[in-house]
Amino acid sequence: MAQVDGFLVPFGPVAEAQRTELIWTTAITMIAILPVLVGTPLILWWFRRGNTKATYRPQWHFDTKLEILMWGGPTLIIIALSIWLTQAVFRLDPYREIDAEMAQGMNFEITGAPVAIEVVGLDWKWLFIYPEEGIASVGEMVIPVGRPATMRLTTDTVMQSFMAPGLAGQIYTMAGMVTRLQMIAERPGTTVGENTQYNGTGFPAQRAPVRAVPPEDYARWLDNARDAPALDAETYAVLAHSGDVAKAREDLDRPGDGPLVFSLADPRLFDRIVARYRRGEPVEPEAQPGSPLYRPDRAPLPEVSR
Amino acid sequence: MIDLFGRLEWQELKLLEFFHDPSIDTAVASGAAWMTVVAAIAVIAWITWARRWAWLWNDWLTSVDHKKIGIMYMVIGFVMMARGVFEGVVMRAHQTTALDGGVLSNEHWAELFSTHGTVMIFFVAMPFITGFMNYLIPLQIGARDMAFPVLNQISLGLTATGAALTMISLVVGAFETGGWTAYPPFTGADFDPGPGPDYWVWAIALSGFGSMFSGLNFAVTIYKMRAPGMHFLRMPVFTWTALCTSILLVFALPPLTVACLMQALDRLAGFHFFTNDLGGNMMNYANLFWMFGHPEVYILVLPAYGIFSELTSMFAAKRLYGYTSLVIATMSISVISFCVWLHHFFTMGNSATINAAFGIATGIIAIPTGVKVYVWMATLWGGRIRFTAPMVYMTGFFILFVIGGLSGIILANPAINWQVHNTQFIVAHFHNVLLPGLIFGIFAGVHIWFPKAFGFRLDERAGKITAWLWIVGFCFTFLPLYFLGLMGYPRRSAAFDNPEFLPYMIVCMLGALMLMAAFAGLFVTLWVSIRKRDELAVPLGDPWDGRTLEWATSAPPPPWNFAMIPHIGERDAFAREKADGRPYVTPEYYEDVHLPPNTSAGLIAMVATTAFGFAMTWWIWWLAVASVLGFILWYVVHSFREHPEVTIPAVEVERHHAAWVEAATLNEGVTRDDETNSRNRGRAATDMVVAS
């Protein structure tokens with residue numbers, strides 16, 4: 001299975017920056033913590049009751065210099081960390097698309113146009129739609145090395161959280177809402193596209209490899225997917241039914257195992273899924289994928305105009 | 001016709017599950033159900049056999065004495081902790097088999113992590129801190145009871161209701177599976193129409209009222225009932241932390257209760273607060289929940305900070321260093337704790353500005369927390385430290401809590417948080433702050449104040465072994481989870497597919513067994529101590545050379561706490577009396593003491609609200625209506641009855657007090673060298689043993 005060393009073994013600049021944050025935050029905070037780790041055992045030992053050499057100062061209860069150190073030390077550390085943190089939050093904001101300016105600032109290279117990917121969280125699998133390429137994939141996400149992936153995410157069931165730790169952190173996906181995430185791979189590699197928000201019994205299975213491949217492999221993967229059966233609203237309604245990828249293969253009568261690819265019949269599929277919950281009328285449980293009452297034939301997706 | 005049982009059917013009884021479908025999974029589920037039932041029957045049988053019903057009723061269940069209510073909270077906490085620890089061990093055992101599978105079903109696993117969290121936070125940690133505050137606040141401020149003794153009993157009843165509903169869910173039906181946070185829409189009617197989320201909603205909503213009432217009661221007690229001369233800045237530090245926690249309880253619990261009731265409206269009445277459709281928005285739930293949830297962390301940990309403050313000073317035999325700093329730090333934490341809740345969902349798509357603001361706010365709250373740790377170290381500095389069982393807990397707390405603080409600072413940085421949120425890193429973090437921070441504090445506190453409550457000390461040796469087991473067991477169980485989290489293993493996952501995780505799981509399992517042994521160690525300590533209670537008896541009430549007022553009374557204290565309300569001239573009032581050589585004096589005259597009478601108000605509240613919660617869970621509408629109406633009717637009738645005070649005549653007070661003073665005066669007292677042996681009867685002597 002996929003590389004699961006998380007962001008400690010990154011192959012993209014976003015996750016790499018996050019690892020750097022972790023290391024520096026830990027190091028700076030140690031300034032405040034080491035005195036406690038070292039001092040506590042020493043104080044307990046030296047000021048033990050039996051030690052006649054230690055000075056007993058039962059009334060000592062205040063020292064201005066010590067107070068300044070006690071309050072000032074942590075304050076300075078938090079100021080430093082806050083500046084650090086604010087820069088990181090703005091630089092790595094999952095809503096900020098990866099562009100040349102960012103590449104320059106963070107010292108990496110962009111070698112091609114961004115790839116738009118739309119992610120739909122289902123119970124218990126991820127659907128990745130590539131609207132500009134006219135394909136979709138279930139259970140695997142592929143991106144070309146050197147091109148930013150600019151992602152829009154939602155769910156067609158309960159809340160989930162998408163994370164590809166080797167490339168970028170996570171973002172929640174919520175029904176009727178769209179969140180964003182950006183990533184770019186500097187070299188080929190595989191991480192796991194995992195759901196981290198518990199969403200039912202199939203939760204542990206909701207892990208899709210996220211592969212960064214050389215551009216020619218990416219083109220081949222796209223070509224392969226374009227020849228696959230079409231993903232239209234009816235097929236989607238079956239796909240959305242609760243179950244892992246293997247179950248989806250069974251439901252769709254696509255024998256074999258591993259990820260599923262589709263040619264995309266409806267480039268607006270993602271927006272229609274989001275619109276399902278935004279029609280200003282109740283959506284009965286029968287029309288909500290993930291509900292135990294869900295019935296594909298009762299769950300038409302609304303039309304959207306763009 | 002009235003539907004007698006709502007949607008409740010016989011096959012909901014967990015007891016029979018194993019016999020219908022035998023497997024390890026159903027054996028665990030049915031086994032837990034049987035244990036609950038058998039334990040309940042055993043307790044009832046024992047009480048009957050020992051003819052203890054009248055004692056239980058008159059001395060405990062209907063008592064409004066804050067000390068007894070406090071002890072009953074602790075009992076609820078320990079009973080529920082038995083369940084929580086068991087569940088933890090079962091979960092860790094499952095995880096050692098969870099490479100591509102596991103012995104438990106995924107559904108059962110989800111129920112386990114949800115009940116474990118719910119039970120540990122709401123029905124272990126909350127009763128523990130409420131129990132401590134109940135017991136100590138009036139004693140430390142020189143009062144005879146709470147401001148509202150009957151309300152106090154009702155709070156206890158409502159907490160018991162929540163605990164009872166979660167226990168009932170073990171036997172009848174199932175608990176929810178969305179974790180202790182119970183995020184909709186997963187717990188909404190569209191996705192989980194079953195009784196599980198309803199059990200959670202009613203257990204939390206009803207006990208939430210109890211906690212809020214407790215907060216009101218404690219705050220008013222501290223504001224209004226301090227002994228003359230006890231200014232705010234003369235209060236013991238524990239009372240300060242209790243005051244801050246009370247304020248937090250009053251302001252933090254309502255958002256939770258409201259969120260629960262909104263969720264109930266969603267589930268029962270087709271509302272759309274948190275649903276996917278029709279404008280429902282689960283983000284509102286997350287906000288409401290964590291507006292409670294983050295202050296809750298400090299609700300739990302502040303009283304433990306208070307205990308650590310008292311014990312460092314007590315066992316270092318010196319004045320607390322930096323009292324004012326501690327008070328400022330405590331108050332700052334209380335206020336800032338309301339300004340950080342969003343850090344529980346940096347991953348929800350907030351703007352960078354908002355994420356940065358809450359990240360910084362979270363960092364800021366670490367400042368007063370750090371100050372506290374330094375203050376305690378300074379308190380130990382220059383002391384004559386006795387390394388007793390509470391000090392073992394304190395050592396574990398210092399070392400481990402700062403590691404929890406480090407992971408907290410890491411999590412406060414949104415850029416890192418995006419990577420470790422919802423992973424085992426979080427699980428490691430909150431266990432790291434709550435176990436050493438809260439639970440170690442509580443157990444250290446039990447060691448210190450148990451002799452006050454029951455008149456005899458706990459066995460030192462058994463207590464120390466238990467304390468070390470907690471510390472080592474904690475390290476084995478939870479520190480590996482940090483690394484699993486950094487490797488991207490999500491929390492709440494029943495299975496994993498990476499064989500590298502397996503060794504970590506086995507280490508965690510070993511740790512869990514140690515924690516189980518540590519939990520058993522608490523009861524071994526209690527058992528050993530009860531057997532040696534004559535040897536360990538400290539009836540004179542001051543076994544540790546205490547500094548605050550609760551030590552200036554007998555152990556156990558009389559129902560009226562103090563024969564006469566003390567006048568306070570400075571901080572550490574009792575230490576001053578001892579230093580001046582004028583402790584244990586009899587007043588010129590005694591007065592009658594008036595105490596509130598026993599009442600069954602708390603029990604009525606518990607029975608009625610448990611019935612109501614059960615009825616709402618199972619849609620037994622007649623019972624829901626009947627329990628609410630019965631409850632209201634009982635209170636209306638009750639409020640028209642006369643409530644004669646119980647008067648303790650002055651001679652009775654005098655008899656008790658004079659006997660205690662005489663015994664204390666006759667005892668020459670022990671130095672701290674004899675603190676832990678049988679010569680210590682609770683009278684502290686001037687401690688000049690260490691030559692300087």
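The model is predicted. Chain A is divided into domain 1, residues 12–94, and domain 2, residues 115–298. Between them, these two domains bury about 690 Å². Chain A and chain B, for their part, bury about 8100 Å² between them.

**Domains of chain A**

- The C-alpha centres of domain 1 and domain 2 of chain A are 44 Å apart.
- Seven residues of domain 1 of chain A and twelve residues of domain 2 of chain A make up the contact.
- Of the area of about 690 Å² buried between the two domains of chain A, 54% is on carbon and sulfur atoms.
- On the domain 1 side, the residues that lose the most area to domain 2 of chain A are Gly12(A), Pro13(A) and Pro94(A). Together these three residues account for 59% of what the domain 1 side buries.
- Three residue pairs, both residues at pLDDT 80 or more, are in polar contact between domain 1 and domain 2 of chain A.
- Sorted by class, the side of domain 1 of chain A that touches domain 2 has four nonpolar residues, two polar residues and one charged residue.

**Extent of the interface of chain A and chain B**

- In this interface, 93 residues of chain A are in contact with 99 residues of chain B.
- Carbon and sulfur atoms carry 67% of the area of about 8100 Å² that chain A and chain B bury between them.

- Two salt bridges are found across the interface of chain A and chain B.
- One salt bridge joins the side chains of Arg49(A) and Asp673(B), with an N to O distance of 2.9 Å.
- There are 30 residue pairs in polar contact across the interface of chain A and chain B, counting pairs with both residues at pLDDT 80 or more.

**The chain A side that touches chain B**

- Two helices of chain A, H1 (13–46) and H2 (64–91), each supply at least two residues of the side that touches chain B.
- Strands S6 (160–164), S7 (168–173) and S9 (189–195) of chain A also each supply at least two residues of that side.
- H1(A) gives the largest share of the chain A side, with 18 residues.
- By class, the residues of the chain A side that touches chain B are 53 nonpolar, 29 polar and eleven charged.

Note on methods. Residues numbered from 1 in each chain as written. Chains lettered and ligands numbered in written order. Predicted model: local features only at pLDDT ≥ 70, side-chain atom pairs only at ≥ 80, totals over all residues. Heavy atoms only, no water. Domains from an automatic or database assignment. Contact = heavy atoms within 4.5 Å. Buried area = accessible area lost by both parts, 1.4 Å probe. Polar contact = N/O pair within 3.5 Å; in protein donor to acceptor, adjacent residues only side chain to side chain. Nonpolar A, V, L, I, M, F, W, Y, C, P; charged D, E, K, R; others polar. Salt bridge = Lys/Arg side-chain N within 4 Å of Asp/Glu carboxyl O. Helix = DSSP H or I, 4+ residues; strand = E, 2+ residues; numbered from the N terminus.
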